[in-house]
Amino acid sequence: MDIAAGLLQGFAVALQPANLLWCFVGVLLGTVVGIMPGLGPPATIAMLLPITALMNPAGAMIMLAGIYYGAKYGGSTTSILLNVPGESASVVTCLDGYAMARKGRAGAALGIAAIASFIAGTVGVLGLMLVAPPLARFALAFSAPEYFALMAFGLSMVVLLAGRSMAKALLAMLVGLWIAGIGTDLFTSTSRFTFGRMELLSGIDFVVVAIGIFAIGEVLANLEAREEPQLLPVPKGLRNLLPTMQDLRDCRFAFAQGSVIGFLVGVLPGAGSTIASFISYGVEKAFSRRREEFGSGVIEGVAAPEGANNSETGGALVPLLTLGIPGSGTTAILLAALVLWGFRPGPLFIAENPNLFWGLVASMYIGNVMLLILNLPLVPLFAQVLRTPVYVLYPLILGVSIVGIYASSGSLFDLMLLSGFGLFGYLMRKLDYPSAPLILGLVLGGAMERALRQSLMMSEGSLTILVSRPISAVMLSFALLILLVPLFSRFNSWRLRALEQKD
Amino acid sequence: MRSRSPDFWSGLALAALGGYIVMQARGWDYATEDGPGPGFFPLWYGLGILACAAFLVFFGKDSPADWRGAGRALATWAVLAACIAALKFVGFAISFAALTFFIVAVMYRRPPGVAALVALGVVAGFYLVFPLALGVALP
Amino acid sequence: MKIFPALVTALVATQAQAFTPTRPIEVVVHTGPGGGSDLLARAAVLIIEKEKLAPVRMQVVNKPGGGSTLAAAYLFEKKGDPHTIGFFTGVWLTSPITTAEAKVTLRDLTPIARLVLEPAVIAVKADAPYKTLGDFVAVAKKNPGQLKQSGGSVTSRDNVVRQLLQKSSGARWAFISFPGGGERISALLGGHVNMMVIEPSEAGEHIRAGNMRVLAQVSEKRLAGFPNAPTLKEAGFDVPSVPQVRGVVAPPGIAADNVAYWEDIFRKLTRTASWRKFLEDNQFEDGYQNATELARFYDEFTSQMRGILQEAGVKIVR
């Protein structure tokens with residue numbers, strides 16, 4: 001069925017009142033879930049599965065998808081206002097988003113996050129609609145060597161996140177790699193660094209580390225000051241409550257590359273929105289004229305990752321709907337849901353269920369619009385959160401973190417890990433260690449090790465497999481280029497200084 | 001002797017971690033017939049940690065960290081850890097109320113009345129939102 | 001006195017009155033919501049409630065973590081509790097063998113029933129040059145270590161099948177672990193590996209679309225969905241069957257009538273038409289065994305696994 005006809009049919013399905021309602025419920029729930037640190041779309045969708053069995057499949061799918069991409073909108077709110085990542089992908093938004101809030105521009109940050117999410121989300125849906133089947137086949141060409149190259153590319157971003165001390169950034173990243181390695185080794189079933197505790201057998205959940213280091217570490221660090229009635233300057237005036245035209249102009253590149261990178265990364269099974277946001281942030285920083293300011297509150301540093309993590313949801317649906325292969329935790333549960341409702345996701349799914357597919361696509365357009373309408377006016381409201389006296393806010397943050405983690409894992413051991421990482425995050429702040437590289441190492445470490453070992457198994461021990469395949473060779477060269485960027489800029493400043501001295 | 005800056009101590013601690021990792025890694029297979037074994041990656045990043053930590057110890061900055069407020073932060077952390085440990089025995093309401101009370105009263109020197117009010121309000125809020133409205137269990 | 005034994009028997013008889021649950025039942029699974037065990041447990045609970053086999057509600061409780069270790073430990077701690085049961089799968093049986101931290105074995109708990117056997121098929125990409133399993137093995141024999149299979153962890157059934165086939169044929173090929181089913185399938189469809197062992201339900205759609213082809217099936221009898229694929233034995237490979245099992249287990253230290261009660265419910269479950277339909281839809285095989293048979297199966301299975309894993313080079317701890 002050709003695209004225009006399909007889309008029209010899809011809108012006919014999506015605009016039915018019942019489905020509109022489900023769409024709204026889904027995006028609203030998604031936003032709420034995204035705001036809550038610790039609770040994420042996979043757990044929420046799974047909890048709702050029994051209910052969806054009683055609904056009509058189109059409406060149910062629309063709602064679940066709404067939760068999926070709605071959560072990406074909500075995740076940025078707490079990241080910006082409180083330096084607490086609401087969703088694992090929002091970790092990157094904390095970097096510049098919170099810095100902007102510190103400077104009184106919380107409103108602009110929130111606004112640009114919503115706008116970038118909308119643009120990228122729409123691009124993601126467009127991609128799903130237009131290029132899904134050929135792209136899915138391209139994704140099949142990706143296997144372990146390409147993943148390794150992708151991860152190496154991501155890790156090379158540490159160079160861009162380094163800040164003052166490269167040694168400390170590297171240390172943070174390596175510690176992140178170590179934490180990622182805790183657990184059972186997939187290939188040999190050996191337990192690594194589990195200290196004999198069975199709770200560590202499946203490793204430490206990323207969310208526990210992120211919330212511990214960011215949220216709890218931040219609260220502890222702030223508790224040092226005795227009197228601080230308000231957390232942050234409340235944005236005054238319209239200029240700071242919403243992004244300005246200048247802001248929007250600055251973010252042009254971020255909107256574009258965030259959408260594209262997020263979508264492409266999403267298509268790859270196994271690569272998630274956290275990786276997408278890191279890469280988008282890194283690329284933005286690499287190409288930006290004011291790259292030194294990143295980390296201190298640059299608006300593109302919010303727009304890029306936020307866009308990427310939204311278009312990633314569109315991308316992740318590509319392998320699910322065109323091949324029946326789930327690309328991430330959430331899409332795996334969506335797959336289970338489809339099976340539960342009696343569908344058989346696979347290469348023939350779209351052809352056999354055009355109403356469901358096109359209805360879903362149309363609803364995603366609608367959902368994105370709904371989210372924009374929901375989120376933008378709420379920005380000034382959210383910014384007022386900053387008015388709460390700190391002694392109410394901090395316990396709230398601590399409490400929500402605890403409840404959020406417990407809700408998704410039900411484990412008291414995880415809560416103990418949470419407090420441990422909280423202390424660790426506090427110490428990192430005091431000792432001036434950057435936390436972004438640690439998160440980067442944690443997210444990419446496990447996947448990178450797996451990809452390397454899988455590649456070497458495929459090539460029977462020969463490393464050349466990494467460069468003999470075109471895609472991985474290209475990405476490895478990108479990684480190398482990124483590593484050379486600081487050298488270039490240093491070389492450039494020598495050159496400029498030398499030129500100045502000559503005059 | 002060079003001054004004991006935070007870089008020095010943290011470098012030392014991380015070097016110890018690196019050493020531990022390397023030791024553990026040597027207990028596992030470095031390479032099996034099917035490819036790198038479980039010891040491969042840890043060995044390398046353990047060595048990396050050792051190298052960077054050593055760099056810090058010898059070439060790190062000397063500026064001392066500002067430890068003035070640390071006592072408050074650490075005390076709060078201790079209370080947080082204690083409350084989490086207590087969750088199993090007294091449940092969420094009591095331990096979290098205790099934590100809130102501590103933060104408000106001790107950290108911010110607000111009168112105990114205010115502290116108690118905030119503590120109760122916050123706990124009530126949690127109970128309203130989570131188990132009732134969202135159906136999420138509290139510890 | 002003759003009355004005494006009579007009294008005793010009478011007392012015992014009244015004690016052995018059928019146990020009936022009085023509180024909602026906790027059904028523990030080791031996967032998160034949406035995982036294999038979770039779906040099976042929910043389906044079973046749904047059918048039990050539909051057929052009114054139990055007087056109380058049953059609630060599925062997810063205890064993921066460490067493979068099966070956290071769920072098993074949780075059940076172990078519920079010693080003597082008559083209102084908790086759990087669903088186990090193969091990983092519950094194998095992890096105590098290889099993982100020191102997995103201290104709770106099925107023997108430490110109370111076996112109730114074995115419910116299903118999950119068959120698998122051996123699949124290759126549709127345009128692969130192998131027409132039968134024999135072709136694949138022959139090529140592997142000529143080029144040791146060059147052909148590749150994608151699968152799960154080294155203790156998974158995928159690798160067990162590989163070990164058994166390698167042992168019986170003398171061929172050798174590489175095994176590449178991928179943590180997710182999606183990645184394994186992409187590896188095969190993308191041409192990065194040559195073969196995989198896959199559940200029929202997962203493979204169904206790809207076969208229908210013409211991207212995958214089945215060489216043989218790993219089961220005792222031919223499955224309804226694959227009338228043309230030979231079983232391993234029919235293909236000429238006389239390997240012992242090491243099935244992927246799922247069943248029910250209960251905490252240790254529960255009363256005999258409690259065990260009998262559970263046994264009874266699950267026996268009735270497997271006889272209902274809804275259960276048969278469920279098995280058919282998911283392409284499972286009915287592998288019902290009662291508690292005693294399950295205990296015996298457990299002993300045989302674990303000693304078999306120990307041998308296989310040792311040959312595979314996995315460290316055995318128990």
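L130(A) sits in helix 6 of chain A, in what is a predicted model. Helix 6, which runs over residues 106–140 of chain A, is the biggest giver here, with three residues in the patch.

Then there is the contact between the two chains. Chain A brings 56 residues to it and chain B brings 59 residues. Between them, chain A and chain B bury about 5300 Å², and 79% of that lies on carbon and sulfur atoms. As for salt bridges, the count across this interface is zero. Polar contacts do turn up: two residue pairs are linked this way between chain A and chain B, counting pairs with both residues at pLDDT 80 or more.

Which parts of chain A supply the side that touches chain B? At least two residues each come from helix 8 (166–181), strand 2 (191–192), helix 9 (206–222), helix 18 (390–409), helix 19 (412–430) and helix 20 (436–458). Helix 18 of chain A gives the most to this side, with 13 residues. Sorted by class, the side of chain A that touches chain B holds 37 nonpolar residues, along with eight polar and 11 charged ones.

Key:
Residues are numbered from 1 along each chain as its sequence is written. Chains are lettered from A and ligands numbered from 1 in the order in which they are written. This is a predicted model: local features need pLDDT of at least 70, side-chain atom pairs count only at pLDDT 80 or more; totals for chains, interfaces and linings use all residues. Side-chain values use heavy atoms; hydrogens and water are left out. Contact means heavy atoms within 4.5 Å. Buried area is the accessible area (1.4 Å probe) that two parts lose on being put together, summed over both. A salt bridge is a side-chain nitrogen of Lys or Arg within 4 Å of a carboxyl oxygen of Asp or Glu. A polar contact is a pair of N or O atoms within 3.5 Å; within protein, one must be able to donate a hydrogen and the other to accept it, and residues adjacent in sequence count only if both atoms are side-chain atoms. Helices (H or I, at least four residues) and strands (E, at least two) are DSSP runs, numbered from the N terminus. Ala, Val, Leu, Ile, Met, Phe, Trp, Tyr, Cys and Pro count as nonpolar, Asp, Glu, Lys and Arg as charged, and the others, Gly among them, as polar.
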